[in-house]
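Here is a short briefing on helix packing and charge pairing. Please look over the sequence and the fold before reading on.

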Amino acid sequence: MKDARAAALARYLYQRAAAFSLSADVNDAHGTAHAGMALLDAAALAEQLRSTDESLRTLSEAGRFETMPDGKAVFLETSELRAAIQRPLLGSRMTGQEILALVVETAGRRR
């Protein structure tokens, strides 16, 4: 059974990827398109996280998940998290793993 927190984090990253992709389509910006692809990679990685993964524990302790009915969860974004994702993605290329680590690191600082 997949962890609800991993699914919630993946949904959040897929949503951010969609926003980057839409922006890339409108602006014809290749760098933004690459950022969207990296976010898709990060989302795919997040989907595979196990319930014992340190990243999920850190995000949970930072209060980044809200429990929902039927065993589901929602990832709670902060302005700091959104800024952390957007700044480096728009400035320099990152991998999906680097984005995932950045999200965890940024949330962990707010504990």
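Predicted model: local features only at pLDDT ≥ 70, side-chain atom pairs only at ≥ 80, totals over all residues.

Residues are numbered from 1 along each chain as its sequence is written, and side-chain values use heavy atoms, with hydrogens and water left out.

**Helix H3 against helix H5**

- The axes of H3 (residues 54-61) and H5 (residues 96-109) come within 8 Å and cross at roughly 35°. Axes are lines fitted to C-alpha atoms, for helices over the stretch in contact, and angles run from 0 to 180 degrees between N-to-C directions.
- Helices are DSSP runs (H or I, at least four residues), numbered from the N terminus.
- The H3 and H5 crossing is left-handed, meaning that the near helix is turned anticlockwise from the far one by less than a right angle.
- Ser55, Thr58 and Leu59 of H3 meet Val103, Val104, Ala107 and Gly108 of H5. Contact means heavy atoms within 4.5 Å.
- The residues of this contact divide into 4 nonpolar, 3 polar and no charged. Gly counts as polar here, while Ala, Val and Leu count as nonpolar.

**Arginine 5**

- Arginine 5 sits in helix H1 (residues 4-27).
- A polar atom of the arginine 5 side chain lies 3.0 Å from the backbone oxygen of serine 51.
- Beyond residues up to four places away in sequence, arginine 5 touches Ser51, Leu56, Arg57, Ser60, Phe65 and Ala73.

**Salt bridges**

- The structure holds 5 salt bridges. Each is a side-chain nitrogen of Lys or Arg within 4 Å of a carboxyl oxygen of Asp or Glu.
- Arginine 57 pairs with glutamate 61, the closest N and O atoms being 2.6 Å apart. Both lie in helix H3, 4 residues apart, about one turn of the helix.
- Glu54, Arg57 and Glu61 are linked in a network of salt bridges.
- Arginine 82 pairs with glutamate 77, with the closest N and O atoms 3.0 Å apart.
- Arginine 109 pairs with glutamate 105, with the closest N and O atoms 3.6 Å apart. Both lie in helix H5, 4 residues apart.

**Accessibility of the paired residues**

- Buried means under 20% relative accessible area, exposed over 50%, and partly exposed in between (1.4 Å probe, protein chains only).
- Arginine 57 is partly exposed at 35%, and glutamate 61 is partly exposed at 43%.
- Arginine 82 is partly exposed at 33%, and glutamate 77 is partly exposed at 31%.
- Arginine 109 is exposed at 57%, whereas glutamate 105 is partly exposed at 46%.

Definitions and conventions: Helix = DSSP H or I, 4+ residues; strand = E, 2+ residues; numbered from the N terminus. Polar contact = N/O pair within 3.5 Å; in protein donor to acceptor, adjacent residues only side chain to side chain.
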